[in-house]
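This report describes a protein chain through its helices, its salt bridges and its surface. The sequence and the model are shown first.

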Amino acid sequence: MNADAFRHVYDYHFAENLGLWETYITPLSDDQFTYPIAYSLGSVKNQIVHLINADDTWFCGLRGEAIPEPLSPADFTDRAAIRSHWDAVDARMRASLTD
């Protein structure tokens with residue numbers, strides 16, 4: 001796969017992450033967002049933090065950097081804090097793709 005094809009795949013990835021956030025995460029009430037469920041990681045909040053961990057781990061590995069410690073959902077007080085962190089991870093990923 002050439003670099004442009006890789007960038008194209010990740011442009012799709014970024015767009016889908018944003019679409020997921022805008023279409024499904026934002027409309028949830030706080031109770032729905034944090035509601036414990038008996039599936040996978042427990043709540044929508046936990047799933048979203050897991051997605052951030054996966055993106056950050058993947059790109060740190062690609063850059064040859066140390067893999068960061070996993071984030072804990074408890075470290076985030078609200079969706080704005082989660083979104084801000086996800087945006088920072090996305091920005092680092094995008095910067096890696098332009099190098």
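Is Arg83 buried or exposed? Arg83 counts as buried, at 13% relative accessibility. Here buried means under 20% relative accessible area, exposed over 50%, and partly exposed in between, with a 1.4 Å probe and protein chains only.

The model is a predicted one: local features need pLDDT of at least 70 and side-chain atom pairs count only at pLDDT 80 or more, while totals for chains, interfaces and linings use all residues. Residues are numbered from 1 along each chain as its sequence is written, and side-chain values use heavy atoms, with hydrogens and water left out.

**Overall build**

The protein has four helices and zero strands, giving the pattern α-α-α-α along the sequence. Helices (H or I, at least four residues) and strands (E, at least two) are DSSP runs, numbered from the N terminus. Along the principal axes, the C-alpha atoms fill a box of roughly 45 × 30 × 25 Å. Of the 99 residues, 27% count as buried. Among contacts with a separation of 6 or more, 63% come from residues 24 or more positions apart; a contact means heavy atoms within 4.5 Å. The accessible surface is about 6400 Å², and carbon and sulfur atoms hold 58% of that surface. Accessible areas come from the Shrake-Rupley method with a 1.4 Å probe; for residues, only the protein chains shown count as cover.

**Salt bridges**

The structure holds five salt bridges, each defined as a side-chain nitrogen of Lys or Arg within 4 Å of a carboxyl oxygen of Asp or Glu. Among them are these:

| Pair | N to O distance |
|---|---|
| Asp30 and Arg79 | 2.7 Å |
| Arg92 and Asp56 | 3.2 Å |
| Asp87 and Arg83 | 2.6 Å |

Asp30 and Arg79 form a salt bridge. The pair links distant parts of the chain, with Asp30 in helix H2 (residues 30-34) and Arg79 in helix H4 (residues 79-98), 49 residues apart. Asp30 is exposed at a relative accessible area of 55%, whereas Arg79 is buried at 14%.

Arg92 and Asp56 form another salt bridge. This pair also links distant parts of the chain: Arg92 lies in H4 and Asp56 in helix H3 (residues 44-63), 36 residues apart. Arg92 is partly exposed at 34%, and Asp56 is buried at 12%.

Asp87 and Arg83 are four residues apart in H4, which means about one helical turn separates them. Asp87 is partly exposed, at 38% relative accessibility. Together with Asp90, Arg83 and Asp87 are linked in a network of salt bridges.

**Helix H3**

H3 has 20 residues and spans 29 Å from its first C-alpha to its last, close to the expected 28 Å; the expected span is 1.5 Å times one less than the number of residues. Its buried residues include Ile48, Val49, Ile52, Asp56 and Phe59. Seen down the axis of H3, the buried residues fall within an arc of 165 degrees, so they line one face of the helix. The arc is that of the directions from the helix axis to the C-beta atoms. What covers these buried residues includes helix H1 (3-25), H2 and H4. Gly64 follows H3 and has a positive phi, near 75 degrees.

**A nonpolar patch**

Tyr35, Ile37 and Tyr39 make a nonpolar surface patch of about 380 Å². Patches are made of residues with over 30% relative accessible area and no salt bridge, like charges being joined within 9 Å and nonpolar side chains (Val, Leu, Ile, Met, Phe, Trp, Tyr) within 5 Å. Ile37 sits in the loop between H2 and H3 and is partly exposed, at 43% relative accessibility.
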